[in-house]
Every structure is written in structure tokens, then in C-alpha cells.
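This report describes the contacts made by aromatic rings in one protein model. The sequence and the structure come before the discussion.

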Amino acid sequence: MAIPLRPSALSPAHTQSAALTRRRFGWAGALAVAALTLSACGGGASGQGSVNDLKDQALSAEVPEGTVLRIADQQEQQQVALKSSGELGKLEFDHEFSNFVGGPEILEAFRADAVDVARVGDTPPIHAFASGEVVPIILALRSNPDSVRLGTAPHTKVRSTSQLKGAKIAYAEGTAQGSIVLKLLKREGLSTDDVELVRLELAEFSEALQSDEVDIAPLTGARLARYLDGFEAKGGGYLPDKETSGLGTGLNYIYARKEALEDPAKAAALRAYVKHTIKANEWVNNHTDQWVKDYFVENQGVSADDGYFIRKQEGTTVFPTLDKVIDDQQNTIDVAFDAGELPVEVDANEMYDQRFNDVIDKTVDEIGAHHDREDLDE
């Protein structure tokens with residue numbers, strides 16, 4: 001029986017032609033074209049400069065009236081967290097939310113000037129910078145690094161990382177789940193030529209697993225809970241935690257178009273958005289019962305038991321300052337570059353707008369949140 005998946009509303013920018021183009025040429029192909037374009041036009045051909053261009057511009061705490069932020073969401077997580085925590089009503093700016101299925105679609109929306117800011121995993125910003133897009137990271141949120149599981153199909157013979165050679169593995173280019181697959185292969189001493197990477201959208205992973213079209217697919221959150229609900233009794237599961245621990249970083253980012261950060265009004269709104277996002281996620285940390293009801297049960301349509309399962313997998317979210325996550329990000333970049341997934345190597349030091357550290361520090365101190373997961377009792 002097919003697991004019903006909640007349909008995701010797509011931005012108007014996510015047009016049919018864009019989807020067809022991506023499927024025909026692939027994400028790596030699109031990046032290669034972008035790289036060739038950059039090479040042909042010389043360095044900085046995108047005309048966007050660098051994140052360093054912003055460092056001397058002051059971030060105002062006052063948001064001018066009438067300022068609008070266009071916010072890209074995934075599975076409506078940001079919207080519900082802000083609303084349930086009461087932070088949505090405190091936003092000092094007008095806002096427009098759009099829902100997307102993953103980081104590559106959000107990058108397309110950035111390019112089309114359809115959104116100003118988005119929340120994504122650690123990998124989409126890497127591919128954005130590698131393709132010449134300057135989309136500075138303004139907030140890091142770190143949850144349990146091992147929340148992503150490597151799901152196994154009901155009838156696969158692959159039950160251990162030692163059996164990966166020759167396996168069919170679901171792979172979404174430019175996503176955090178894709179990075180986890182590459183790190184898994186590197187840890188096992190395998191290359192992408194030793195397995196069959198089946199390139200799919202993230203939303204297609206569960207169906208590919210349940211139909212045995214792939215042996216392995218990285219799953220997290222509601223997708224993992226739904227898959228285990230429907231197929232654990234039929235042989236579905238995930239690779240042993242002791243074999244896959246440490247592959248993820250647990251990082252999610254808020255990142256923004258550089259053009260939005262260059263606009264003093266929108267930059268002030270983004271500073272405010274960082275503050276409210278920290279407060280909303282700290283509320284989630286401390287209100288598990290209400291969050292499970294509001295988001296997992298009423299918005300995502302999963303059972304309360306599954307909601308509690310997902311929250312346990314995610315763990316407490318902390319809010320490191322941006323200078324504390326550069327090493328982890330560079331490691332993820334290096335793995336992707338060595339696997340041939342990036343047209344150019346990216347310097348992680350150039351991805352972060354460090355001006356936001358002040359509001360991160362101030363907000364974390366104000367509400368008693370944490371910067372580092374090592375400070376938690378989990």
C-alpha cells in the first residue's frame with residue numbers, strides 16, 4: 001500500500017519548464033554550465049561580489065514600516081513554529097511565505113528574485129556558492145547530527161554498511177541527504193562508481209524504498225516515521241545506528257539573497273527574523289507536547305506517537321555563532337568536491353555574514369538558550 005504523502009505547494013517560480021530542465025540535464029549539469037559561464041566571463045562574473053562586501057554595512061535594529069520579507073519554507077515548519085510560539089505576531093515586518101520541496105528549488109527561486117530568505121540544510125548553500133550565487137548564511141541551527149537514518153528497502157539484501165558495494169542508493173543532488181550519502185561512501189572506502197546513485201527528488205525517496213526501486217535512501221522526520229509505520233513490519237528499516245553515526249552535522253541554516261542584505265530595510269528585517277527564529281525554535285525545544293500537536297499531528301498529518309518519535313530523533317536545537325560552524329562546513333564541501341559533485345571548490349570562510357553574530361549572541365543570552373550541544377543534558 002502506498003504511503004500517502006502530503007502534497008507540497010510550490011512557488012510560482014517552480015515552473016514546469018524549470019522542473020523539466022532540471023530532470024533533463026541534472027543538477028550537476030546545471031552547475032557545470034554555470035561554472036563554464038563564470039569561467040568564460042572571469043572571476044565574479046555573477047556580478048554579485050562577495051559576502052565581505054557587506055561587513056562594513058551596519059545592521060539596524062529598527063525595521064522601516066512597509067518592509068516585506070519573502071520567506072521560503074519547507075513543509076511549513078517555519079510558519080508553524082513562529083505561529084505556535086507567538087513570534088509570528090511579533091514580526092516587525094510584513095511577510096510572504098512560500099513552500100518548497102528542497103534546497104535546489106529554493107535556489108531557483110533565489111535566482112528568479114522570488115524569495116529573500118530561506119531555511120535549508122547545510123548543503124544547498126554550498127552548491128549555490130559553487131554556481132556563483134552569493135547567498136550569505138545569517139543563522140545556524142544545530143540539532144542532533146544523527147537524526148537522518150539510512151532507510152533500507154523491504155526486500156534489500158543490504159543490511160549493513162559493509163554490503164553497500166553495488167547497492168542502489170537514492171540521491172538528491174545539492175541536499176544534506178546527498179552529502180550524507182557521499183560521506184558514507186567515503187567512510188566505507190567506496191566511490192560513486194562502486195554504487196548506483198539513483199537521482200530523485202527528496203519527496204520520492206520513500207516511494208522508491210517501499211517499491212524496492214532502491215536499496216538505501218536517507219530519511220528523516222515525518223518521511224522516516226511514515227516509512228517505518230508502513231513498512232517496518234514488511235522488512236523495511238534502516239542501517240544500524242552504530243554504523244552510520246557521525247555522518248551528519250545537524251546543521252540547518254537561514255540564508256538570504258545578497259541583494260536583500262544590501263537593502264538596509266530588508267537587512268534590518270532579516271536581523272529581526274534571526275531573533276524571532278531563535279526564539280521560536282527555543283520554544284519548540286521547551287514545548288514538545290504542543291509542538292507535536294500543532295505541527296506533526298495537525299499540519300503534517302502524522303500520528304502523535306510518530307511526532308514524539310521525530311522530536312526524539314531531532315533532539316534539542318542550539319544556535320552556534322557563525323564562526324563556530326566553518327570547520328564542519330568545509331568538511332562537507334571537501335567531501336562533495338572530492339566526489340566530483342562541485343564544479344569549483346568553495347571556501348567556507350566566505351559563506352557567512354558574521355554581522356549577525358551579535359543578534360545571535362544577544363538573543364541566546366536573553367532567553368537562556370544554548371550555543372553548543374555539548375552544553376546539553378541529552
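Which residue lies over the face of Y238, and at what distance from the ring centre? In this predicted model, that residue is R149, placed 5.3 Å from the centre of the Y238 ring.

Two of them are described here by their geometry.

| Pair | Distance between ring centres | Angle between planes | Class |
|---|---|---|---|
| F93 and Y273 | 6.2 Å | 70 degrees | edge-to-face |
| W291 and Y295 | 4.8 Å | 10 degrees | stacked |

F93 is in the loop between α3 (77-85) and β2 (94-100), while Y273 belongs to helix α11 (residues 264-286), so their contact ties together parts that are 180 residues apart in sequence. F93 counts as buried at 5% relative accessibility, and Y273 is buried with a relative accessible area of 1%.

W291 and Y295 are both in helix α12 (residues 288-297), where four residues, about one turn of the helix, separate them. W291 is buried, its relative accessible area being 2%; Y295 is buried as well, at 4%. Together with F296, W291 and Y295 form one aromatic cluster.

Technical notes: Residues numbered from 1 in each chain as written. Predicted model: local features only at pLDDT ≥ 70, side-chain atom pairs only at ≥ 80, totals over all residues. Heavy atoms only, no water. Phe/Tyr/Trp six-rings, centres within 6.5 Å; stacked < 30°, edge-to-face > 60°. Helix = DSSP H or I, 4+ residues; strand = E, 2+ residues; numbered from the N terminus. Buried < 20%, exposed > 50% of the residue type's maximum accessible area, 1.4 Å probe, protein only. Lys NZ or Arg CZ within 6 Å of the ring centre and 35° of its normal.
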